[in-house]
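Hi,

Here is the structure I promised to pass on. Have a look at it first, and my notes on what turned up follow below.

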Amino acid sequence: SPLLPEVLRSLLYRSDNMFTEMTLRAVAEASCKQATIKNGVAKVNELWRLKGVDTAALFMRDGSGLSRNNKASARFLCEMLRCVYADRDSLGCDFSQLLPVGGVSGTLKSLLGKTPLCGRVALKSGSMSDVQCFAGYFPADSPKYTVTVLVNNFLCPRSELRRNIEQMLVELFSTE
C-alpha cells in the first residue's frame, strides 16, 4: 500500500470516494475493531474530541460524504483544519500541502485561475445536489487562515455560485 500522505493526496485531488470509504474502514481496523463504517465513524469522532475539536456539529454517516445524512458545520471544518495544521509535526506531513491549489491542481484547477489568488489558496472541494463546499487554507504555502465556504440549497446555476465564491475569496484575501 502507498504511504498515508500519498493515499490522502490522491483522494483529496481526485475526490476518490472509494479511497475515502476504505480509509475510514482502515481507521476502524487500526483501532482493533471490525473494519466497518460505523466503527470508523466512532473512531474519527473520538479522535477529534481527544484533540479538543467540538464534534457536536459533525454528523458522519460514511467516509465519502455522499450520504445526504452527513452534516458538518463550517466551524467544525475550520477547527478540524486548524488542529491538523497545528499538529503537522506529529502527523509526519503538512496536510495543507496535500490539498489541491486554486487555479493550479486537482478539483480546483478551474477555480481562482484568473485571479490574484491563483496558486495561493489550498482547498478541498465538495459538492452534491444543491450543496457546494470548499475548505482549506490561505495562503497555501504557509497557512495563516483556515477557510470554509459551505452553501446549501442554492438557486442559481453552480457555475454562477462558483464565480460568486471566487469573488468573495478574492475580496477577502487579495490584500493579504
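E46 is partly exposed, with a relative accessible area of 33%. Keep in mind while reading that this is a predicted model. The partner of E46 is K43: the two form a salt bridge, and their closest N and O atoms are 3.6 Å apart. K43 is partly exposed as well, at 29% relative accessibility. Both sit in helix α3 (residues 37–50), and because they are three residues apart there, about one helical turn separates them.

That pair is one of three salt bridges in the structure. Side chains of opposite charge can pair when their charged atoms come close.

Next up is the bridge between K51 and D87, at 2.4 Å from N to O. K51 is found in the loop between α3 and β1 (58–59), while D87 is in the loop between α4 (74–86) and α5 (88–91), so this pair ties together parts that are 36 residues apart in sequence.

The remaining bridge joins the side chains of E79 and R75, 2.9 Å from N to O. Here both partners belong to helix α4, where they are four residues apart, about one turn of the helix.

Now for the nonpolar side of things. In soluble globular proteins, nonpolar side chains tend to be buried together. In this model, the largest nonpolar core has 29 residues, and those with the most contacts inside it are L12, W48, F76, F95 and Y137. Which elements give two or more residues to this core? They are α1 (4–14), α3, α4 and β4 (131–138). Of these, α4 gives the most, with seven residues.

Methods: Residues are numbered from 1 along each chain as its sequence is written. This is a predicted model: local features need pLDDT of at least 70, side-chain atom pairs count only at pLDDT 80 or more; totals for chains, interfaces and linings use all residues. Side-chain values use heavy atoms; hydrogens and water are left out. A salt bridge is a side-chain nitrogen of Lys or Arg within 4 Å of a carboxyl oxygen of Asp or Glu. Buried means under 20% relative accessible area, exposed over 50%, partly exposed in between (1.4 Å probe, protein chains only). A nonpolar core is a set of buried Ala, Val, Leu, Ile, Met, Phe, Trp, Tyr and Cys residues joined through side-chain atoms within 4.5 Å.
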